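User: I would like to learn how to read surface patches, chain shape and salt bridges in a model. Could you take me through them one at a time, with the general idea before the case?

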Amino acid sequence: MKYFIVFILFIGVVQKFYAQHNFPLFYDTLPTNGQILMNGNAFYHASDIENRITNRLIFGGEITEDMIDESYSMESAFQSIGGKAAVDLSFFSPWSFSEKRNHLKWYFNLGTYNQLAANYSNGLYELAFYGNDHPKGKSMNLASNSGFFVTYDKIGAGLYNETTRSAFSLNVIGIRNFTAASSGRGYFNSGTNGEYIDLQLDGNFTQSNAKTFYKGVGLTIDFDYFLHIQDNSLLNGFVQFSGKNIGFAVANNVDLTSVSIDEYFQGFTFEELFNIFGDGANLEEDFKAAVGYESRKASPVFLMPGYLQIGKVVDNIYNDKFQPFFGVRAYTTMGYKPMVYLGGNYNISDFIHVGAQASIGGFGGFRSGLYTGLKKEQYQLNIGTEDILGFLTESSFGKSLLLQFRWFL
Amino acid sequence: MKITSILLVTASILLFFGACRKEKASWDTRWVTPIVNDTIRITDFENDSTLGVNSDGSIQVLLDRSLVKYNVLDLLEIPDTSINQNFTIALNAITIQPGTAYVDEVKEHDFNVQNVVLKQARIKTGSAEIRVTNPLETAADFVVELPGVTKNGIVFNQEELVPAKQNGIDGEMVFELDLSGYLIDLTGENGQAYNVLQSKMKVSTVVDGPTVTMTNQDIVNFDIFFKDLKIDYAFGYLGDLDFQDTITTNVDFFSKLISGDVVLNEINLDVEIYNGIKAVAQGKITHLKSLKNGQTLNLNHPQINQNININAANVSNYLAIPSLTSLNFNNNNSNIVDFISFLGDEYEVGFDVNINPWGNISNATDEVFPNSELELRLKTDFPLELGLDNLTYLDTINFDFSTQSEVLRIKSGGFSLTTNNSYPFGFEIELKLLDEDNQLVSTIESEEKIDPAPLNSSGNGHELTENELLFEVPISALEHIQNVKSIVLMVKSNSTQLNDNVVFADAMLSCFLKTNFILNTAF
């Protein structure tokens, strides 16, 4: 409920501003002397874990067994969860690239990003939230889990077409933190009375541990390309082809740890117990040997979690009060299914517009969003959410907050 | 305006994300894991040297253990010995043609082996360094032979070409020979002597050399230096050898028995002396002590500290067959029952064995073989009838919980121990958690215990009894778990009955220990 109040606060505070562009979908070709664009994006989305759990994981609080049961009952064999918190700043400069091509102007951007994604089995959910005492005697699948968390900064430069608003930039990425984990084959089984544990697991864990501030570097590209479709009975408007943070990075000198366990354990014999606790025993070394523990340094190259989007945008060239928009978005990350969205934008006045959308895909299922935008003179503020239910009920599967501030120079 | 809107929006974001993390995210998970799963059967110890099974199914204690062993040959030392043989002419000078043998003589030398009459010995390891000198101005063939030293029937024989004298300096040759495996006859030329070694020197001028003149100033010389000689066989009189020692054995398990009593019905124990030397001897057990907590209990027996005659070993196919002399301890001739019941954690056995205490009465026919050993063994043969009266075992295990994870902690739970027991012994178990100052943090105990098995109706075994012991770890212990530095395990045992508490071959104890904990994850 408090999140809803915060949302309303946004609406109330910015009511007096005028909006001209749809958020986050916009297009206009009005000449400017450049502009500064700030985007803030924070979301998390899950296929099966309800907000009553993810809210508490993020914001704190006790997760009760009822909450765990509620999400457990909807578990399918594999689930996904992902999230992002990012702020980026773009500067569309008034400076021409060359005299001959003065419609091409310099474009700069920088940003900071936190992203996580995971694709996990229901067995992992059971172990993590129930332990091995539930369900008794049943085999839990631990195979093919994967997840990562990356924090990085970006700085880039490129060109944009003042006429078409298409843009391209080449970015340098600095990785501040990189953590990844995965499992190959795996299962866990325990006896109904705890009389045995049967565990098979091949797993890897990678964590950046270098003492430098940036623990890796990368190169990515951002691009926006707008295609004008005219005189089409189905579609009049602009289609945007967009990509952000598409590229690769290398994490320097990370700790790569692997385990390979295939154990059917029914308890130690007395002789084994005396050896474990006897003179000269080394518990840590014995345990590492038992689980096939290996550790080494590595510098893995990985695909940056960028995204690609194709969709019809709302624009200011067509003066219809109501404009639809639709498209598809895909993150280049595990567990993310292409998200299809469909919505409509309504200009209430020159000062304010509102919109709504429905989407399906991504890290979870269906979501519905709302947004509004305000404009006054050369300033625009857009705020919205792709998951309005996330603010209203803990039974939903995510939360989203989008913020955009634009300043036309 | 723009500044105001930016600030308001920023404040709202902070409110959205920052206002809600007042506490950690936390949840509980339940974990059940096996820890110990094993069965101890009395028959696991059934073998020729530990336990046996009687016809009525009862257990017989048949220990057979070696306490100490000595190899006599390690005590027989042949010191490093040098022998010298030299030759010169009585005349003023003689002319020697090429190819002429001008020295051929045998000499006897004494081996200084104190107090030992050695007639024959076989070298296990050792060497001889030989140095020969040639005083003539022509090269010479030296043949060094040791007539009493043979290997596989072949007499020790070494031939060397020694260079001629040059510029006033005698020709010299030094060489070393390995004597391993050689049999040395030390009876001399007539076969009646002892500690005597013969040597033979034969020298010839080379056939292709010049004619030379030898004067009475020219000395032909050879030296043999025997060094690092170890023998693995000796025949003769070995001398008066004395073995004295005190053997101390620690029984760590008994050191942890802090109170209670053991009731034993019958003990039958032999201390056996095996003499693998073909020489008579005399020996005695000087003392047998049991020590515990500063107290000492001596084993009393009429023959403690009394000399016993020990026969010489017999010989068959060049191997020693040890003689056996034994000392028996039982309920009637000693306080062996009290001695064992004392449960000392340290045992001391003193002994003294003297080879040839009456001198050379064998007329120097003692023999020592490679397998000749003097050995002390312990043997038992009595039924396992053992009563336990609050016998308490205490052990301390170091355990550091201070590295417990900040994310994962034990919220509640404990252990369960399921047993099936057919030993006539029962057990009560208690754990005490101590901090670094050995102060009690908490106690973990069960209301149940492992019951001693009752006799079956036929009286030839015990009934299997099942128990489940639940050990709940107190919340106070979990809250202060990081202070725990050691765990004291206390086990108190009582038997089905104190007297005539027979242990049968079907005795077994199966234990299944598992944990059942609720872990709290919080971050």
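Analyst: Let us begin with patches, which are made of residues with over 30% relative accessible area and no salt bridge, like charges being joined within 9 Å and nonpolar side chains (Val, Leu, Ile, Met, Phe, Trp, Tyr) within 5 Å. For charge, Lys and Arg count as positive and Asp and Glu as negative, while His and the chain ends are not counted, and the place of a charge is taken as NZ of Lys, CZ of Arg, CG of Asp or CD of Glu. This is a predicted model, in which local features need pLDDT of at least 70 and side-chain atom pairs count only at pLDDT 80 or more, whereas totals for chains, interfaces and linings use all residues. Residues are numbered from 1 along each chain as its sequence is written, chains are lettered from A and ligands numbered from 1 in the order in which they are written, and side-chain values use heavy atoms, with hydrogens and water left out.

User: Which residues form the negative surface patch?

Analyst: The patch is formed by B:E445, B:E447, B:E448, B:E466 and B:E468. Of these, B:E468 lies in strand 33 (residues 465-472) of chain B, where strands (E, at least two residues) and helices (H or I, at least four) are DSSP runs numbered from the N terminus. Accessible areas come from the Shrake-Rupley method with a 1.4 Å probe, and for residues only the protein chains shown count as cover; buried means under 20% relative accessible area, exposed over 50%, and partly exposed in between. B:E468, with a relative accessible area of 43%, is therefore partly exposed.

User: Which residues make the nonpolar surface patch, and which strand gives the most to it?

Analyst: The nonpolar patch, of about 640 Å², is made by A:L89, A:L110, A:I155, A:F168, A:L170, A:V172 and A:L219. Strand 7 (residues 167-190) of chain A gives the most, with three residues. A:V172 lies in strand 7 of chain A and, at 45% relative accessibility, counts as partly exposed.

User: How many helices and strands are there in chain B, and what is its radius of gyration?

Analyst: Chain B has four helices and 35 strands. Its radius of gyration, taken over C-alpha atoms, is 40 Å, well over the 24 Å that the globule rule (2.2 Å times the number of residues to the power 0.38) gives for 523 residues, so chain B is more spread out than a compact globule. The C-alpha trace of chain B spans about 130 × 100 × 40 Å along its principal axes, and buried residues make up 46% of the 523 residues.

User: How many salt bridges does the structure hold over all chains?

Analyst: A salt bridge is a side-chain nitrogen of Lys or Arg within 4 Å of a carboxyl oxygen of Asp or Glu, and the structure holds 28 of them over all chains. In one of them B:D64 pairs with B:R377, the closest N and O atoms being 2.9 Å apart. Because B:D64 lies in strand 4 (residues 64-71) and B:R377 in strand 27 (residues 373-380) of chain B, the pair ties together parts that are 313 residues apart in sequence.

User: Is B:R377 buried or exposed?

Analyst: B:R377 is buried, with a relative accessible area of 18%, whereas B:D64, at 22%, counts as partly exposed. Both residues also belong to a network of salt bridges that links B:D64, B:E272, B:E375, B:R377 and B:K379.

How values were computed
Buried < 20%, exposed > 50% of the residue type's maximum accessible area, 1.4 Å probe, protein only.
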